[in-house]
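Please take a first look at the structure below, and then follow the paragraphs that lead through it.

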Amino acid sequence: MPERKLRIGIIGDGRRGRSHIQTITELPDLYELAAICDPAYAHGKQPAKELKQARTYVSVRELLSAETLDVVVISTPPETHHIIATLVAERGVPMLIETPLALTRAMMNVLAGAIAKAGVPAEAGENMWRRPVEQLNQKAIAQGLIGRVLRVSSYYESAGSDSCYHTMSLLRTYAGADVEAVRSFSREFPLDPIPGSEEKPSEPIHPMAGLTEEKWTQAELRYANGVLGSCTYVTGWMGPLRRGHPRFMTIEGTEGFIITGDADVNTLRRVEGFTPRDYAKRVAFQKLGDREVPVRYYYETHPEVEYRNPFSDRFLTDSGAGGVPSDGIARAHELQSIFNTITRGADSRYSVARARRDQELSITIHEAAGRGGWLGSDQLPDETEWERSQHEVFRKDWGVDPIKELPALLKRV
Ligand SMILES: NC(=O)c1ccc[n+]([C@@H]2O[C@H](COP(=O)([O-])OP(=O)(O)OC[C@H]3O[C@@H](n4cnc5c(N)ncnc54)[C@H](O)[C@@H]3O)[C@@H](O)[C@H]2O)c1
């Protein structure tokens, strides 16, 4: 048992913030949910129902002035991360920052600089590699079940703002090395109206039903250890046209391969005595009251490989079963990790530098698409076309520059 619980505050009571709140309520031995802050409360938004005793605030400054917190979760829109993280760091409060770390390298540098200057613990809430199935796959690879990794690939949607940082994170984890260079290309395709969206314009099938085009990006990645990578993503995967299409990744090795992703595609194939054998992902559950929670994930290889869910005594799932938000186990992993860093000085399991690199690679893919040929991140201009457009959107929305006018912005959150 930890010596004491940490007083945690949530900044941003939106979709992800609420998922964090639900996960925190399942970690009462680690955390006391002390406070939550969202400017939308000033405009009638109701706080999450799990809040109980937690106090609510409408600005980060107010929250940090009124509360003594051991840690905060920053789950606000990405363009605000560098501002809020700077304020939090200046007050000496540790933080778990949702991904992407920030949008552009300039914003990430502000954030990373403030955290380094303050010397506060910080972790990025990158969840993909922490998911139980992906941890099982990492163990299978470490145990040599598919031999030496040769190639990694992904088929996914954009992670928002036409970026692919999640994919970069997981592919690097599987490749076992950093990316040296990328080459890529993108193409936009016009979309016909989504069937049904004209008949009931007041009831869009999905927020993305109004899309008139979709953009596909394909990138080739060269890893420092010789592994070859390929990443394909599309802007509108969540829209009606693609909904239900599995997202998946593959890891090919000298002795087999793994397919991992949605819709039960998870399989490990090994060549055993010149015969290919397929092993489906298996999950064992146990009852917790009237609910079921996953206990272990495994492949029935010889020897068997398994990942035991360290949170199997709590109602957290990865699938979203039972009406709780999906990804609960990965989020508990994040929250436990920052807890261990704060209370025991353990190393961060996903550092700010690592999350910065994921987004930098996503930016490099954009830049490479406009150029042709291989491009290393060290060949990026100070501000890429994509970063310029993100900064422009920020200036339009906020009326000031996100970097030059940071001191003024610190007073606005
Ligand atoms: N790791 C993942 O898989 C994953 C999934 C979803 C979202 N996210 C990340 O989580 C973050 C939040 O995304 P979301 O989907 O919850 O967005 P959202 O729009 O649902 O919620 C954001 C909330 O932040 C609030 N907010 C805005 N400015 C604020 C400020 N200055 N102080 C406090 N609160 C403020 C908004 O009012 C809103 O309630 C983003 O960084 C997003 O990229 C990560």
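What follows is a walk through a pair of helices and then some aromatic rings.

This is a predicted model, in which local features need pLDDT of at least 70 and side-chain atom pairs count only at pLDDT 80 or more, while totals for chains, interfaces and linings use all residues. Residues are numbered from 1 along each chain as its sequence is written, and side-chain values use heavy atoms, with hydrogens and water left out.

Helix 8 (residues 352–369) packs against helix 9 (residues 385–398) at an angle of about 110°, and their axes are 8 Å apart. Helix 8 is therefore roughly perpendicular to helix 9, a term that covers angles of 65 to 115 degrees. Helix 8 brings Gln359, Ile363, His366 and Glu367 to the contact, and helix 9 brings Glu385, Trp386 and Glu387, where contact means heavy atoms within 4.5 Å.

The structure holds five aromatic pairs, meaning rings of Phe, Tyr and Trp (its six-membered ring) with centres within 6.5 Å. One of them joins Phe394 and Trp398, which are stacked, 5.0 Å centre to centre and with 5° between the planes; planes under 30 degrees apart count as stacked. Because Phe394 and Trp398 are four residues apart in helix 9, about one helical turn separates them. Phe394 counts as buried, at 3% relative accessibility, and Trp398 is buried as well, with a relative accessible area of 19%; buried means under 20% relative accessible area (1.4 Å probe, protein chains only).

Elsewhere, Tyr155, Trp216 and Phe248 form one aromatic cluster.

Key
Axes are lines fitted to C-alpha atoms, for helices over the stretch in contact, and angles run from 0 to 180 degrees between N-to-C directions. Helices (H or I, at least four residues) and strands (E, at least two) are DSSP runs, numbered from the N terminus. Angles under 35 degrees count as roughly parallel, over 145 as roughly antiparallel, 65 to 115 as roughly perpendicular and the rest as oblique. Rings of Phe, Tyr and Trp (its six-membered ring) pair if their centres lie within 6.5 Å; planes under 30 degrees apart count as stacked, over 60 as edge-to-face and the rest as tilted. Buried means under 20% relative accessible area, exposed over 50%, partly exposed in between (1.4 Å probe, protein chains only).
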